[in-house]
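Thanks, everyone. I have one structure to go through today, and I will start with the overall picture before turning to single residues.

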Amino acid sequence: MDKNTLENPLLAATSKLDEILQEKLELAFHKPTSKVCLHDIAKIACEHSAIDLAYAASRLPPYVCPVLYENLPNREAKINFIINTDSTTRTALFRNLNEHELKKLFNKMPTDEAVWVLEDMSDRRFSKVMDLIDVKKAKSIRELKQHRRNSAGRIMTNEFFAFLMDLTIGEASVFIRDNPRIDFTRGIFLLNESKELQGYIPARNMLINPSSTPLRQVMRPVLHKVTPDATREEVIDLVERYKISSLPVVDKDNFLVGVIAYEDVVEAMEDLADDTLARMSGTESHALSHEPLLRRFCARSPWLTFTLFAGLANVGLMSYFQKYEGGLLTFVLFFVPLINGMSGNIGLQCSTVLVRGMAIGSLGANRKEAIKKELLSGLFIGGVFGVICSVAIYFLDSAVKIGASPLSMAIIVGSGLIGGCFGGTLLGVFSPFLFSKMGVDPAISSGPIVTAFNDFLSMSIYFLIAWGLSNILI
């Protein structure tokens, strides 16, 4: 059992469950007769949670998922399955479901969940479904879809409880009982006569106070709120810092238009992490192994094309210095992988520290101090490892007898390593701020583009130092 499993047994348990369900479903779908296959699938669908089945289905080829969906026991399970599975599986399901079935699903599905589930449906099909479902529900969905992606308006739900302050707890409770589909644990908000947001009431206060108590007496002030145009990063920062269970969304006139629940913020954090990791690796967050080969190629090729040309530039650089071949420079080329690896890792460490600081807002007005510390750290680390490398090369060269002066070789490679590491540090420190100023996610500074730049920069510095010192030492 690995370290991550020991540290997080719950994660290990859910991952193991996904693997077991995947194996069961694969075995069921490969039975020799369709009768046995359907019997096994129906048994699996009844024995396991629709949420667990949704995660397992995301690992299966899309064409088998409609069969699993049809064998789910009830409408609620089907809704949970569609909400919790991945985009590719939903797209496959929408192709197989008729409008009548989609109408039943979306009439029962929470509005905020329906909005992003419908992102996987074509515009033409979306219009048909909106014409079929409940008019009020369709209006709510269209209103939420008007907001741009990854904004507070897209994350929020417009199904919530809001009352005038003059009502009593008993009067509000009657209305809450008459609307069981709306989750009252998200908070109950209070408005004045002008419908402006004034405060909120925790669900606990509704339970422990007498029914005759006016709502205004148990009201608490709203300290934090956002507008629909706020980014998901701003929402995550507020909820994480102040531990807010329900974040109200208001328009410019302080009218309450939606509520963002804590679980919606958790989902936004997961999406943000997936997007960030995808940008860092130069691919897409929703790329799956069973997607068409051409689609995966198109998603990854732009980054790799840049890396290809950067590699060709490195070849050109090495070819240019080849004319100085002879003596010590003959052996300099042997250490190019060492220089690129060390400088790249040091630059990545500096970049990661600064990107994290920018993400959690810990840099603030101390950016200059942070830059200074990282530059000094990179130079110090490069210096220490440069000295270690010099000593190692000196004894290695003396033992192997490669025909060059051990001391000169050690000085050249060690100095080149220090220079290359400092070049990687410069790139790792300033690239996040450059990307941020350009309006690009700073996390991209750890991706293929900066890695390719770093290879070229560190190699150039290394060769220049090696050429200069070889002229002095020889």
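Helices here are DSSP runs of H or I with at least four residues, strands are runs of E with at least two, and both are numbered from the N terminus. Counted that way, the protein chain has 22 helices and six strands. Please keep in mind that this is a predicted model.

The chain has 474 residues, and 42% of them count as buried. It exposes about 25,800 Å², with carbon and sulfur atoms supplying 60% of that area. Take the contacts between residues at least 6 apart in sequence: 67% of these join residues at least 24 apart.

Is threonine 85 buried or exposed? Its relative accessibility is 6%, so it counts as buried, the cut-off being under 20%. Its side chain reaches the backbone oxygen of alanine 54 at 3.2 Å. Setting aside neighbours within four places in sequence, threonine 85 contacts Ala54, Ala57, Ser58 and Arg90.

Next, the cysteines. Cysteine 389 is buried, at 11% relative accessible area. Cysteine 65 is also buried, at 1%.

That is what I have; I will take questions now.

Methods
Residues are numbered from 1 along each chain as its sequence is written. This is a predicted model: local features need pLDDT of at least 70, side-chain atom pairs count only at pLDDT 80 or more; totals for chains, interfaces and linings use all residues. Side-chain values use heavy atoms; hydrogens and water are left out. Buried means under 20% relative accessible area, exposed over 50%, partly exposed in between (1.4 Å probe, protein chains only). A polar contact is a pair of N or O atoms within 3.5 Å; within protein, one must be able to donate a hydrogen and the other to accept it, and residues adjacent in sequence count only if both atoms are side-chain atoms. Contact means heavy atoms within 4.5 Å. Accessible areas come from the Shrake-Rupley method with a 1.4 Å probe; for residues, only the protein chains shown count as cover.
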